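Please keep the sequence and the structure at hand while reading.

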Amino acid sequence: MAAERVIYIKAEQATIVKNSKVFLEDAVTMTGPDKKVISELGGQVLFVVPDKQQKQKYVFSIMKVIEFIQKQHPDYMVVNEGEIDFIIEYQPPEKKAKWKDGLKIIFVCFAVTVGSAFTIMTFNQDASVSDIFGRLQKIITGQEAAGPGLLELGYCIGLPAGIIIFFNHFSHLKMSSDPTPLQVQLRIYEKESNEAVLKAASREGKTIDVSG
């Protein structure tokens, strides 16, 4: 078979679409020597979402994509370089009020601040940080601590600074381009969630596969 009769496709594990008409170029990335055919195929409708108003995940087999391409161009060989099963997540376009987004941000910030403060206070209480600082001051200066001093001040400054540096989450203050611990955990959760959806669809026979 001639080299120009090959189409390479690659599907990601999960893809989000906003349009109820899912085009082939939305589902997979394609390349090949014949760019005209690639462009033509990309504009073909692979799937139409039944319910345009409801957010839903659809599990596809890559065989469905190969069958779709070969129906259009039976003389082409299709080579898959990506996932065997993949998810298309349809999210209907919705107009969100800006005040709702602002309210959510304020609530999350409040919850995180209160939760972090409570955690730090309980840790300090269990570890008796104030007693440790008092003993250190007596060892260094030979005098009893009359109240909060430089050690406590340094601790109060160093604790939030250490958290900010560790999470490395502020774009203008980032010390490296590596993903933050929070981003890593979110990606792990996303991957495991997608795998659960794929397995559930396979067991329940809900995978959109080749026509039998």
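## A nonpolar patch on the surface

In this predicted model, Ile 132, Leu 136, Ile 139, Ile 140 and Leu 151 form a nonpolar patch on the surface, and together they present about 490 Å² of accessible area. Helix α5, which spans residues 129–141, gives the most to the patch, with 4 residues.

In soluble globular proteins, nonpolar side chains tend to be buried together. Here the largest nonpolar core has 28 residues, and those with the most contacts inside it are Ile 9, Leu 24, Val 65 and Ile 69. At least two residues of this core come from each of β1 (6–10), α1 (24–27), α2 (35–42), β5 (45–48), β6 (56–61), α3 (62–72) and β8 (85–90), with α3 giving the most, namely 5 residues.

## Strand pairing around Ile 9

Strand β1 pairs with strand β7 (residues 77–80) in the parallel sense over 4 bridges, and β1 is also joined by 3 bridges to strand β4 (residues 29–31), the two running antiparallel. Ile 9 has a bridge partner in each of these strands, namely Asn 80 in β7 and Met 30 in β4.

## Tyr 90 and Ser 20

Tyr 90 lies in strand β8 and, at 3% relative accessibility, counts as buried. Not counting residues up to four places away in sequence, Tyr 90 touches Val 17, Lys 18, Asn 19, Ser 20, Val 49, Asp 51, Lys 52, Gln 54, Lys 55, Gln 56 and Tyr 58. Tyr 90 and Asp 101, by contrast, are 11 residues apart in sequence and 21 Å apart in space, taken from C-alpha to C-alpha.

Ser 20, one of the residues that Tyr 90 touches, is found in the loop between β2 (14–17) and β3 (21–23). With a relative accessible area of 11%, Ser 20 is buried, and beyond four places in sequence Ser 20 touches Phe 47, Val 48, Val 49, Lys 52 and Tyr 90.

## Salt bridges

The structure holds 4 salt bridges. In one of them the side chains of Arg 5 and Asp 75 meet, with 2.7 Å from N to O; Arg 5 lies in the segment before β1 and Asp 75 in the loop between α3 and β7, so this pair ties together parts that are 70 residues apart in sequence. Both residues are partly exposed, Arg 5 at 32% relative accessibility and Asp 75 with a relative accessible area of 37%.

The side chains of Lys 55 and Glu 89 meet in a further salt bridge, at 3.5 Å from N to O. This pair links distant parts of the chain, since Lys 55 is in the loop between β5 and β6 and Glu 89 is in strand β8, 34 residues apart. Lys 55 is exposed, with a relative accessible area of 52%, whereas Glu 89, at 13% relative accessibility, counts as buried. Glu 204 forms a salt bridge with Lys 206, where the closest N and O atoms are 3.2 Å apart, and both Glu 204 and Lys 206 are exposed.

Note on methods. Residues are numbered from 1 along each chain as its sequence is written. This is a predicted model: local features need pLDDT of at least 70, side-chain atom pairs count only at pLDDT 80 or more; totals for chains, interfaces and linings use all residues. Side-chain values use heavy atoms; hydrogens and water are left out. Buried means under 20% relative accessible area, exposed over 50%, partly exposed in between (1.4 Å probe, protein chains only). Contact means heavy atoms within 4.5 Å. A nonpolar core is a set of buried Ala, Val, Leu, Ile, Met, Phe, Trp, Tyr and Cys residues joined through side-chain atoms within 4.5 Å. Patches are made of residues with over 30% relative accessible area and no salt bridge: like charges are joined within 9 Å, nonpolar side chains (Val, Leu, Ile, Met, Phe, Trp, Tyr) within 5 Å. Accessible areas come from the Shrake-Rupley method with a 1.4 Å probe; for residues, only the protein chains shown count as cover. Two strands pair if DSSP finds at least two bridges between them.
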